[in-house]
Amino acid sequence: MTLPHLRLASNAHDRLGVRRHDEAWLEARWQDPNSRILIIDEARVRPQEGRVRWVSPHELTTAYAGALQPGLTADQLPARRLLLGERDGCTWFGFRSDGLLDAEGWLTLREVLLGAVADLSADAPLVFHGIGLAEWHRATRFCARCGGRLGARAAGHELACPDCGRVHFPRTDPAVIMAITFGEPGSPSEQFLLGRQAAWPPGRFSTLAGFVEPGESLEDAVRREVFEEVGVVVGEVEYFGNQAWPFPSSLMLGLRGRAVSHELLIDRDEIEEARWFTRAELLAASREGSVLIPQGVSISSSLVQHWFGGDLPGTW
Ligand SMILES: [Zn+2]
């Protein structure tokens, strides 16, 4: 079984970190007609005919010229470009058009991922990289130390403060997402824990998740979150896998934990309902549609399918 979340990590590009300060090389690649550019506006993209649209440098400067020129001079352009890297013999960039183009037709990354764009998986690492960087630029305009206005460098991978000299780097927030089971592994009576938030559509359930706190191990983050959310004590925890999840800047760390208590004491602030399911119960509930489990490309889906031993109907 190929785990669903791995589809979004395949076809990764070479990020070319060593080239980010090489302005002559960057300019040459930016001018190369084979280079591909993803225009990103306020951390959103504008697909065309159901696909993520990459443009050539020529298309960027001609088709978009009317929209770009009033607010942008040529010497401001490099500050808006994001070097993503190389793949398939091309150099790939993002371009932050924030505020320069009309507002029609832009989609958030979540909307792109949840079906507005066909076959994102081939480009997911590039799109996640570009939108993740653009979102960081959008949200990080001033120095956290002194309040100075930050300026981009390193092809969009650093923000430097002209006042105090501090350099800021893109942040990624670790979050744990966990398959919690109870009972003899692999036995018919073994149970899997799923919870749902009040804001979700009826029937939607997922694995529990939460952010890692400063100074905390991943294993302890799993134990703390599960106890806080549903009152279950977790013993042994092991690593499962990970998934970049830039909504806006998370790295989801999948883990499997074995519960050593069974009673559910639900924290209604975070979780509306939580239930234990055997494999037979989960299959029956998802067949009849009373329980909808996570969609195809998330690591949550992989955690459920890996435990269940295959695909389940009734996904969201
Ligand atoms: Zn500063």
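**Notebook: burial, domains and turns**

I began at A154: with 17 C-beta neighbours inside 10 Å, A154 counts as partly exposed. For burial I used C-beta atoms placed from the backbone: a residue is buried if 20 or more others lie within 10 Å of its own, exposed if 12 or fewer, and partly exposed in between. Residues are numbered from 1 along each chain as its sequence is written. This is a predicted model, in which local features need pLDDT of at least 70, side-chain atom pairs count only at pLDDT 80 or more, and totals for chains, interfaces and linings use all residues.

**A154 and its sheet**

I placed A154 in the loop between β6 and β7. Helices (H or I, at least four residues) and strands (E, at least two) are DSSP runs, numbered from the N terminus. A154 is not a glycine, yet its phi is positive, about 55 degrees. Most residues other than glycine have a negative phi.

Next I looked at the sheet. It is open, with three strands in the order β6-β7-β8 and antiparallel pairing. β6 (151-153) and β8 (167-168) each have a single partner strand and stand at the edges, so one side of each has no neighbour in the sheet. Two strands pair if DSSP finds at least two bridges between them. β7 (residues 158-160) and β8 are joined by two bridges. I found A160 bridged to V167 in β8.

**C143**

I then checked C143, which sits in the loop between α5 and β6. C143 has 20 C-beta neighbours inside 10 Å and therefore counts as buried. Which residues does C143 contact, leaving aside its neighbours within four places in sequence? I listed G148, L150, C161, D163, C164 and R166. A contact here means C-beta atoms, placed from the backbone, within 7 Å. The C-alpha atoms of C143 and C161 are separated by 6.0 Å, with the two residues 18 apart along the chain.

**Whole chain and domains**

I stepped back to the whole chain. Its secondary structure comes to eight helices and 14 strands. The C-alpha trace spans about 65 × 45 × 35 Å along its principal axes. Of the 316 residues, 35% count as buried. Among contacts with a separation of 6 or more, 66% are between residues 24 or more positions apart.

The chain is divided into domain 1 (4-139), domain 2 (143-170) and domain 3 (173-308). These bounds come from an automatic or database domain assignment. I read 34 Å between the centres of domain 1 and domain 3, taken over C-alpha atoms. 11 residues of domain 1 are in contact with 14 residues of domain 3. On the side of domain 1 that touches domain 3, the largest share, five residues, comes from α5. That side has six nonpolar, two polar and three charged residues. In this count Ala, Val, Leu, Ile, Met, Phe, Trp, Tyr, Cys and Pro are nonpolar, Asp, Glu, Lys and Arg are charged, and the others, Gly among them, are polar.

**Core**

I looked up the largest nonpolar core: it has 67 residues, and M178 and I180 touch the most other members. Helix α5 (residues 124-139) gives the largest share, eight residues. Domain 1 and domain 3 both contribute, so this core lies between them. A nonpolar core is a set of buried Ala, Val, Leu, Ile, Met, Phe, Trp, Tyr and Cys residues joined through C-beta atoms within 7 Å. Beyond its neighbours within four places in sequence, I180 contacts L193, L208, V226, V232, V234, G257 and A259.

**Helix α7**

In α7 (residues 279-288) I found L282, A285 and S286 buried. Seen down the axis, the buried residues fall within an arc of 95 degrees, so they line one face of the helix. I note that the arc is that of the directions from the helix axis to the C-beta atoms. They pack against β10 (191-196), β14 (273-277) and α8 (299-308). A280, R287 and E288 are exposed on the other side. Just after α7, G289 has a positive phi of about 85 degrees.

β4 (residues 81-87) has five of its seven residues buried, so it is largely enclosed by the rest of the structure. β4 pairs with β5 (residues 90-96) in the antiparallel sense over six bridges. E86 stands opposite T91. The two strands form a hairpin with two residues between them, and D88 in the turn has a positive phi of about 55 degrees.

Last I checked A43, in the loop between β1 (36-41) and β2 (44-45). Its phi is positive, near 65 degrees. A43 counts as buried, with 22 C-beta neighbours inside 10 Å.

Notes: Two residues are in contact if their C-beta atoms, placed from the backbone, lie within 7 Å.
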